[in-house]
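Subject: A structure for you to explore

Hi,

Here is the structure I promised to pass on. Have a look around it first, and then read my notes below.

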Amino acid sequence: MVKAQKLRESPSTHELELVSKICNIMTAASITTASLCSLALAASTTAFVPSHSSYLTHQIHNDASSHLPKLNATKKKKTPKKSSTKNKSGGGFGSSSPTATKPKQKRSGDIIHYPELEDQVRQTLIPSPFDITDEESATVLAEEMYDRLEDIYGLEKFNFGGVGAIYKSIGVVTDDDDDDTANEQKDEEEGGSSLFDDILSGGATSTISGGSDPLEELFGKSPAPTPSASASASDKEEEAAAPFDLNSIPAFEKFRVLHTDPMVLAIDDFFTNEECDKYVQMSIDAEKQQTNAANGGDETTQEETALQPMLLGQSQTVGKDSRSKAQRTSTTWFHYYKGVPELMAKASRLLGLEGIDRFEEPQTVRYRRNEKFTWHLDALSPEEANNPSGSGQRIATLLVYLTDVPAGSGGATMFRDLGGNDGSEDSQPLKVRPKKGSALLFFPSAGGIPGAPFDIRTLHCGEAVAEDAENEKWIAQLWLRQRGYEPTAPVGNSHGDASDEIGRYCTSQL
């Protein structure tokens, strides 16, 4: 068994020093007990709070950064890093107020059902430190972004092996190693916590004499698990059994940070041109065969239909009433996991997952000219997301653009409240032009405060493709769930059936 290897280790010798630094900063900033209780209230509903330490360092930095030095992350850096954020007043988790009911002005005839963000929520936004209009500016991801991906979204193995990444490699496990893996995980759960983690977790891993823990009195009991990209121990064990080696796929090196908080990333050269063309043609062929069969044409063979995607129409989003459905005019195909090994392997490799069991059915979507998808959230409704027998919330969205749609031809993915949009009449949302082979990654639910089970700041739409556009807009898309997901389409679709195909694809990349 080959274990995952870290590039950057936690500086255990500095743990107590960091505890002292946090206390000193609290004193210098005159952060009162009441203020800390407010932070604890917010922490009780944040999407990823691995410990009070990471939450405090993240929140204190953003709430008091105007007069406090930036705290280093808990991961030790090889060299001091510079902050790459222009606006540090934001901290990252927001919702719209139920009292803020004034809608934005209509854009391009779209009906907008979502209220404006309140000023206090808008202040949590941190724009990109780069020129987001420069499509040729892709570069390696900064260490600060890797730390954000770990601390906020739970993706500690994101793009492992990349420059600045936290992990050098990911574990390679065979079926014979399952027992060893389970024993190691049990040992980790039963012990191994440091004094630093114990203090800042409210004494959750040990018993302090005297019965009463001052941090527990201040923060209350540890918050219940909420949506994050990190899997539970059982999920990790299932993922670890994947018989394919993602280390054979090179780390991604062309990132564009389109927004810092909430994070929106573009990854150039995610797909090759050949892979893009393959996915478009696969969907077109399936449509022709299904149409032919519906019209009484020649029957296709079982071999021809074995990996054929199924045309099922719309995908679920928040707001499934008749008006919401009418806002989407695109066409969607649902694919077998084993029919799209490139997408499943590269998505897992990017997010640092050792298995695919939490991905929903892979999809391709076509937007013909004049077709669009108006303002919506990818997050599921609270009723569905909180179903204890379900797969939990959608915590990551990955889109891959399969065709080019030139600037001025519509088809952009737009985020209403990001990209420097200040809510004024003439402000513009963040617009991501479809660039063939590039991917777009964002997190629809990894944030929130009481009453907000998803990150309202990720409200977005698919702009209508212009009538005179040279190309149709095609995308492939995936959603990552909080827990293991049970596919429902096409008939017989299974994560496990894809392992051999993904393994062959990974081997071909050596």
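**What I found**

Let's start with Phe271, which counts as buried because its relative accessibility is 4%. Buried means under 20% relative accessible area, exposed means over 50%, and partly exposed lies in between (1.4 Å probe, protein chains only). Tyr279 is also buried, at 0% relative accessibility.

Before we go on, a word on the background. This is a predicted model, in which local features need pLDDT of at least 70 and side-chain atom pairs count only at pLDDT 80 or more, while totals for chains, interfaces and linings use all residues. Residues are numbered from 1 along each chain as its sequence is written, and side-chain values use heavy atoms, with hydrogens and water left out.

**The chain as a whole**

The chain has 510 residues, and 53% of them count as buried. It holds 15 helices and 15 strands; helices (H or I, at least four residues) and strands (E, at least two) are DSSP runs, numbered from the N terminus. How much of the contact between residues at least 6 apart in sequence joins residues at least 24 apart? The figure is 80%, where contact means heavy atoms within 4.5 Å.

**Aromatic rings**

A pair of aromatic rings is described by the distance of the centres and the angle of the planes. Rings of Phe, Tyr and Trp (its six-membered ring) pair if their centres lie within 6.5 Å; planes under 30 degrees apart count as stacked, over 60 as edge-to-face and the rest as tilted. This rule gives eight aromatic pairs. In one of them, Phe271 and Tyr279 have ring centres 5.1 Å apart and planes at 65°, so the pair is edge-to-face. Another is Phe415 with Phe442: the centres are 5.0 Å apart and the planes stand at 85°, so this pair is edge-to-face too. It links distant parts of the chain, since Phe415 belongs to strand 11 (residues 413-415) and Phe442 to strand 13 (residues 439-442), 27 residues apart. Phe415 is buried, with a relative accessible area of 0%, and Phe442 is buried with a value of 0%. Phe252, Phe270, Phe271 and Tyr279 together form one aromatic cluster.

Rings also meet charges here. The charged end of Arg394 sits over the ring of Trp479, 3.7 Å from its centre, and that of Lys473 sits over the ring of Tyr367, 4.6 Å from its centre. A charge sits over a ring if NZ of Lys or CZ of Arg is within 6 Å of the ring centre and within 35 degrees of the ring normal.

Which residues of helix 15 (residues 499-508) are buried? They are Ser499, Ile502, Gly503, Tyr505 and Cys506. Seen down the axis of helix 15, these buried residues fall within an arc of 160°, so they line one face of the helix; the arc is that of the directions from the helix axis to the C-beta atoms. Asp500 and Thr507, on the other side of helix 15, are exposed. The buried residues of helix 15 pack against helix 10 (273-294) and helix 13 (341-351).

Two packed helices are described by the angle between their axes and the distance between the axes. Axes are lines fitted to C-alpha atoms, for helices over the stretch in contact, and angles run from 0 to 180 degrees between N-to-C directions. Angles under 35 degrees count as roughly parallel, over 145 as roughly antiparallel, 65 to 115 as roughly perpendicular and the rest as oblique.

- Helix 10 and helix 13 pack at about 125°, with axes 10 Å apart, and are therefore oblique to each other. Glu275, Lys278 and Tyr279 of helix 10 make the contact with Pro341, Glu342, Leu343 and Lys346 of helix 13.
- The axes of helix 13 and helix 15 come within 9 Å and cross at roughly 75°, and these helices are therefore roughly perpendicular to each other.

**Backbone details**

Most residues other than glycine have a negative phi, and most peptide bonds are trans. The peptide bond from Asp261 to Pro262 is cis, with omega near 0°, and the one from Ala489 to Pro490 is cis, with omega near -15°. Asn370 is not a glycine, yet it has a positive phi of about 75°. With 48% relative accessibility, Asn370 counts as partly exposed.

Happy exploring!
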